[in-house]
Amino acid sequence: MPHTRNRNPSPIPEVTWDSGLKEMNETWKGAIACLGVAIFFVMTIGIIYWQVVDQPNKNWILKGSFSGLIWERRTHSLIIQTLTEEKTFVEIDVGNFPDLEVPFVKNLCWLNKTEFCYTWDSIADLEISMDSDYAPGTECYSINWTPLHCKVDLKDCFSMANISWYGGATVHGQTWPLNNVNISSQPFVVSNLRDNPTGYGSVLERYFLGSSGVALLIAQDVPVNISIDSRRHFCLQTPPTTALVPLQYKVCVGDNMKTVHQEAGSQLSEHERVLPNTDILRLPFWKLLVNVDSGAKVERELRTFYNRLKRHGLGEGVISLNEHSTMDHESLYSRKKTSLRQTRDLPLVKLLNISITLSPYVGVDSRPFQTSLQDGTENYWLSLPSRANGYLAPLLMKWKGRFSVKLNITNPAAVSWFLDRVSSQQSRLGVEYITLEGGEGSPFTEQAIAPPKALAGDEYIGLFATMAAKIGDSSIITAGTRSSHLPLFVRMTPLQADWSYSGLKGIIPSILHYSLLGYNFFIPDAVGGTLSNEFITDEELFIRWLEIVCFLPVISFRTPPWVSGEDKVLNLTHSYIAKHQEFVVPLIVKYAAEWLEEGSPIFRPIWWLSPDDPVTFTVDDEFLIGDEILVAPVTERGAVCRDIYLPGSDLQWQDSSNARVFDGGTLLEDYPVSLEEVAVFLRRKS
């Protein structure tokens with residue numbers, strides 16, 4: 001039988017190719033899966049490392065010819081620096097946004113190299129555009145935040161680190177710069193500091209200037225709250241509202257703060273500047289304090305006061321009546337019948353140079369208001385329509401202790417009525433100077449009612465100033481915003497009768513603030529201050545105060561000089577009035593022409609001549625008239641010497657009292673200034 005060979009003698013069992021491949025695939029599948037997980041893990045670590053460690057903290061998002069805008073991703077800050085990063089102009093902390101690890105580098109406006117766009121999902125849109133269409137050496141960045149829902153609180157804070165800031169608004173206890181001010185977040189609108197000492201005061205512009213060469217201009221037509229945190233920052237913030245309110249502002253940078261102010265500051269007003277009546281500069285103002293209840297008594301007080309001024313050789317000037325006395329005076333001549341004696345006295349009254357005071361308020365018990373109710377002109381007053389019957393209900397406010405209504409400045413008929421009333425008083429009394437006070441304050445705000453759009457923010461103040469300019473170029477107002485171009489004088493905020501920044505020390509910071517914002521024609525508070533109802537009896541305070549205001553546009557008195565001391569005070573008053581008329585007024589008129597043409601302030605901080613000298617940034621007790629006169633009064637009680645810094649290392653200054661000459665950039669320590677003197681230095685011509 002044939003033998004048959006065994007085909008598979010090996011002990012290893014026979015395995016088919018299909019089953020082998022199947023087992024091999026299972027093994028490789030596990031290995032490949034592990035490798036994929038490892039690669040994913042490595043990539044994740046790499047991305048995290050790139051975002052957190054390797055990614056640069058600063059990203060340039062816009063670049064100009066000499067400056068650029070940087071996003072600092074760790075601090076959530078926008079920083080404007082020179083392209084060489086040698087100088088930081090400003091750091092803006094973008095607040096109230098959650099910490100996001102995604103770097104701020106996605107420009108959605110990448111087609112345009114002068115624009116940057118970014119969106120925080122469900123929070124806000126940001127648009128930044130750069131504009132170099134300015135004088136060489138100035139570049140501006142327009143920043144526009146738009147909230148994406150009503151609960152977004154937009155807030156940008158400007159650092160005070162190594163920067164002195166100026167501008168903004170008058171504050172109680174005015175300082176220069178404003179770095180030491182503390183004000184809680186509140187609407188950035190004019191208020192009366194007597195009623196709201198923690199608010200913003202009578203001269204306000206949406207403009208701030210920094211010593212690093214940066215200027216901030218805030219959009220005029222958008223409501224904004226501002227807070228100032230001493231020595232840390234000041235913040236712009238959208239007000240609490242259900243509306244989608246944007247945050248809009250422009251930041252301009254330049255070589256130094258003088259050059260950037262000359263370029264950016266010109267944007268404060270687009271109107272042509274007009275000079276007020278400069279004849280007023282020569283005349284001292286004398287405030288007549290009377291508490292009488294009839295026009296006849298006002299007349300008697302006027303004659304008595306004028307005769308006393310004349311007896312002391314001070315007859316040339318303007319006697320200023322407050323609103324109460326003005327109303328009593330008006331009532332005397334509004335009677336249908338006038339006695340023979342009153343008729344005989346009228347020419348004498350008309351010979352007096354009188355300033356009267358009016359306001360847009362009318363008492364609810366007054367004849368004008370009662371007449372308006374009878375003849376259907378309730379719309380002459382700020383009012384609200386009645387829901388039930390549709391008639392207008394005038395809004396009540398308290399003005400100087402009386403329930404009153406306020407003139408509807410948006411009603412042309414009401415404005416015409418008011419102007420006719422003023423004109424009638426001017427012709428009857430023969431007065432040229434009219435003070436309009438009371439533009440501040442709103443019955444809508446007091447009663448938590450949303451104002452009409454035409455009166456939102458500070459619109460009333462602006463319209464009130466425009467109305468004042470229609471009266472004439474000798475008109476005086478007590479508050480200003482966006483009105484520096486008008487031919488008006490601004491009466492400065494009342495001060496305390498002391499040596500603090502709420503009193504004497506606050507005068508120079510205030511005049512620098514007013515002038516920087518374009519309000520060069522101001523009437524400083526009366527010698528000794530007017531917040532107190534009493535005459536000032538401190539002889540030294542009276543003299544030092546007089547020495548400062550002698551170099552300002554107008555000298556104003558409430559305390560007669562014969563009350564504050566002996567013959568020395570009266571003689572010094574004569575002397576400083578003469579110095580004001582003969583020396584100061586011609587200087588102001590000269591530099592008024594420069595303001596008219598170029599917009600440069602008449603009264604200047606000493607950094608105007610050396611804007612790169614940090615020593616000058618915080619000097620708050622010296623000022624310049626133009627570029628040629630430096631005034632350094634004494635502001636410390638009992639002092640007969642003071643430190644004086646002379647700006648400009650390439651300049652020379654001559655003491656006007658002894659002809660000594662000093663180099664600029666010099667600190668004169670303990671320089672003697674007697675009680676009867678004020679240190680004045682004349683710039684030497686090279």
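These questions and answers set values computed from a predicted model against the definitions behind them.

Local features need pLDDT of at least 70 and side-chain atom pairs pLDDT 80 or more, while totals for chains, interfaces and linings use all residues. Residues are numbered from 1 along each chain as its sequence is written, and side-chain values use heavy atoms, without hydrogens and water.

Q: What makes the span of helix 13 close to the expected one?
A: Helices are DSSP runs of H or I with at least four residues, and strands are runs of E with at least two, numbered from the N terminus. The expected span is 1.5 Å times one less than the number of residues. Helix 13 (residues 567-598) has 32 residues, for which 46 Å is expected. From first C-alpha to last, helix 13 reaches 44 Å.

Q: Where is the kink in helix 13?
A: The bend at a residue is the angle between axes fitted to the seven residues ending there and the seven starting there. At Val584 a kink of about 40° is found, shortly before Pro586. Just after helix 13, Gly599 takes a positive phi of about 85°.

Q: What makes a space a cavity, and how many cavities are there of 30 Å³ or more?
A: On a 1 Å grid over the protein atoms alone, a cavity is a set of points where a 1.4 Å probe fits but cannot get out. Grid points are joined across faces, edges and corners, and a volume is the space filled by probe spheres set on the points. The count comes to five cavities of 30 Å³ or more.

Q: Which residues line the largest cavity?
A: A lining residue has an atom within 4 Å of a point. The lining has 20 residues, and Gly265, Ser266, Leu268, Arg273 and Gly599 lie nearest the centre. Helix 2 (257-264), helix 10 (507-516) and helix 13 each supply at least two. Ala, Val, Leu, Ile, Met, Phe, Trp, Tyr, Cys and Pro count as nonpolar, Asp, Glu, Lys and Arg as charged, and the others, Gly among them, as polar. By these classes, the lining of the largest cavity has six nonpolar, 12 polar and two charged residues.

Q: What makes a space a pocket?
A: A pocket is an open set with protein on both sides within 12 Å along at least five of seven lines. The second largest pocket holds about 480 Å³. Its lining has 22 residues, with Gln220, Leu268, Ser269, Glu270 and Arg482 nearest the centre. Strand 12 and helix 9 (459-471) each give two or more residues to this lining. Helix 9 has the largest share, four residues.

Q: Why is strand 15 called largely enclosed?
A: Buried means under 20% relative accessible area, exposed over 50%, and partly exposed in between (1.4 Å probe, protein chains only). Six of the eight residues of strand 15 (residues 247-254) are buried, so the strand is largely enclosed by the rest of the structure.

Q: How do you know that strand 7 and strand 15 pair?
A: Two strands pair if DSSP finds at least two bridges between them. Strand 7 (residues 138-147) and strand 15 have eight, in the antiparallel sense. Ser142 has Lys250 as its bridge partner in strand 15.

Q: Why is strand 11 called largely enclosed?
A: Seven of the seven residues of strand 11 (residues 204-210) are buried, so the rest of the structure largely encloses it. Strand 11 and strand 12 pair antiparallel over four bridges. They form a hairpin with three residues between them.
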